[in-house]
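Welcome! Take a moment to look over the chains below, and then follow the points one topic at a time.

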Amino acid sequence: VSEAAQADDVLAEYGARLDEDRLEAWLDLFDEDCDYKIVSRENLRRELPLALIWCENKHMLRDRVVSLRQANIYNIHTDRHVIGRSRVIERSAGILTVEASYAHFQTDQEGVSRLFSVGVYRDRLLLRDGGLPLIRQKLVIADTAAIPSLLSTPI
Amino acid sequence: VSEAAQADDVLAEYGARLDEDRLEAWLDLFDEDCDYKIVSRENLRRELPLALIWCENKHMLRDRVVSLRQANIYNIHTDRHVIGRSRVIERSAGILTVEASYAHFQTDQEGVSRLFSVGVYRDRLLLRDGGLPLIRQKLVIADTAAIPSLLSTPI
Amino acid sequence: VSEAAQADDVLAEYGARLDEDRLEAWLDLFDEDCDYKIVSRENLRRELPLALIWCENKHMLRDRVVSLRQANIYNIHTDRHVIGRSRVIERSAGILTVEASYAHFQTDQEGVSRLFSVGVYRDRLLLRDGGLPLIRQKLVIADTAAIPSLLSTPI
């Protein structure tokens, strides 16, 4: 299996576990020493520090899942990710840096599906023998920060 | 070629043959002993028996294609599928179970393209030596049943 | 790496370089003797000669990039491509013909992301030892020509 295909496999799991609301299994995709950040393309370009979400380690990401479990009471929707082919940007000792574009759709309680966010994932993946790589770092670059919904949702 | 890649190849054909309105070639992707069902995510969750389409064998699927050829006179649009990477859920003797998220767009006669349906495919694929796997069972789980168009269209 | 995967890699680069507004690097994906055309599905079906863009060689494509650099002053948006799995249509001496469906989104200055165009790419790729294939010919078949934006943009 090629490096791009390994990254595709991780990203497909990433999207599916969010879409199936299996947030605890989604956490399992991350390395203990991980960094998860959502920024807008514009803020990244301007080098502004503002992030929509920033979890600097897996404990913070676990806390986020706990609060999402509560927030979902007020904001019921379902998610669907369609993710493009990964491009390998860099490979160093055991770490694969990839990028892949995504489209994230949401369906509300009235049964209307809408485009929620498009953008690109920039992932640093920790390669493992005989297993899915772990996400060491994930930067979600959303094409807009004007997201019509709860900001605390992973993308 | 990996199992996920083989599934990707079948799904790409599945989408393309629908999009090109080659419904008879689309039928060729199915095993004679096949099952094709479209359900909404909500009905699947509630274990409700209601399906948008349910063809329990290939004869029923052929009948569906015949009626689509007539229905299309009244509901002219073109389709476009963009399908994500397949995830292998299970492999048993000769059968591969995979899931892949999809976005299905339609373009009407006024030339407007819109999101039609998002959801996930759950396929059981019959592996074959030196050929594309055949679809033994396909469950289309649409994120909403409130689909703004003719319900008898494959997704 | 399979032929479909090689094509996936080229298409992923194609989309990413457009999305990152790296138009000059995007040009590098094309063979010197290339042909780039955007047509609507309807015009292709009717065999009408009208194309939204037609560059019959790489010089014309370079000119297009120069004029885009100027046009962008008046039409600021960002692009995002999500591209499906490639299907190999034909392989002959060193040339791979593939098709892949795409969804192209745009985000405007108000921060609203919208579907811009869906359709299918038909590419003839020049295979190269140890490198990404080059695009010899690219036909973008957009599902509609009624594109709500500047028509001179690559898709």
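To compare copies, they are superposed by least squares on the C-alpha atoms of residues with pLDDT of at least 70 in both. Chain B can be laid on chain A this way with an RMSD of 0.0 Å, by a turn of 120 degrees and a shift of 0.0 Å along the axis. That is the relation of a three-fold axis.

Please keep in mind that this is a predicted model, in which local features need pLDDT of at least 70 and side-chain atom pairs count only at pLDDT 80 or more, while totals for chains, interfaces and linings use all residues. Residues are numbered from 1 along each chain as its sequence is written, chains are lettered from A and ligands numbered from 1 in the order in which they are written, and side-chain values use heavy atoms, leaving out hydrogens and water.

**Around the axis**

- In chain B, the C-alpha nearest the axis belongs to B:G84, 3.8 Å from it.
- Chain A can likewise be laid on chain C by a turn of 120 degrees and a shift of 0.0 Å along the axis, with an RMSD of 0.0 Å.
- Of the residues of chain A, A:G84 comes closest to the rotation axis, with its C-alpha at 3.8 Å.

**Where the chains meet**

- Contact here means heavy atoms within 4.5 Å, and between chains B and A it takes 20 residues from chain B and 23 residues from chain A.
- Buried area is the accessible area (1.4 Å probe) that two parts lose on being put together, summed over both; chain B and chain A bury about 1500 Å² between them, 53% of it on carbon and sulfur atoms.
- On the chain B side, B:R41, B:R85 and B:R87 lose the most area to chain A, together 42% of what that side buries.
- Only 20% of the interface residues of chain B are also interface residues in chain A, so the copies meet through different surfaces.
- Chain A puts 19 residues in contact with 22 residues of chain C.
- About 1500 Å² is buried between chain A and chain C, and carbon and sulfur atoms give 54% of this area.
- A:R41, A:R85 and A:R87 supply 41% of the area that chain A buries against chain C, more than any other three residues.

**Helix α4 of chain B**

- Helices (H or I, at least four residues) and strands (E, at least two) are DSSP runs, numbered from the N terminus.
- The expected span of a helix is 1.5 Å times one less than its number of residues; for the 14 residues of α4(B), residues 58-71, that gives 20 Å, which agrees with the 20 Å between its end C-alpha atoms.
- Buried means under 20% relative accessible area, exposed over 50%, and partly exposed in between (1.4 Å probe, protein chains only).
- B:K58, B:L61, B:V65, B:L68 and B:A71 are buried in α4(B).
- These residues cover an arc of only 125 degrees around the axis, which puts them on the same side of α4(B); the arc is that of the directions from the helix axis to the C-beta atoms.
- The face turned away from the buried side of α4(B) carries the exposed residues B:H59, B:D63 and B:Q70.
- The buried residues of α4(B) pack against α2 (23-27), β1 (30-40) and β2 (53-55) of chain B.

**A:R17 in chain A**

- A:R17 lies in helix α1 (residues 3-19) of chain A.
- With a relative accessibility of 15%, A:R17 counts as buried.
- Leaving aside residues up to four places away in sequence, A:R17 touches A:R22, A:L23, A:A25, A:W26, A:D28 and A:L29.
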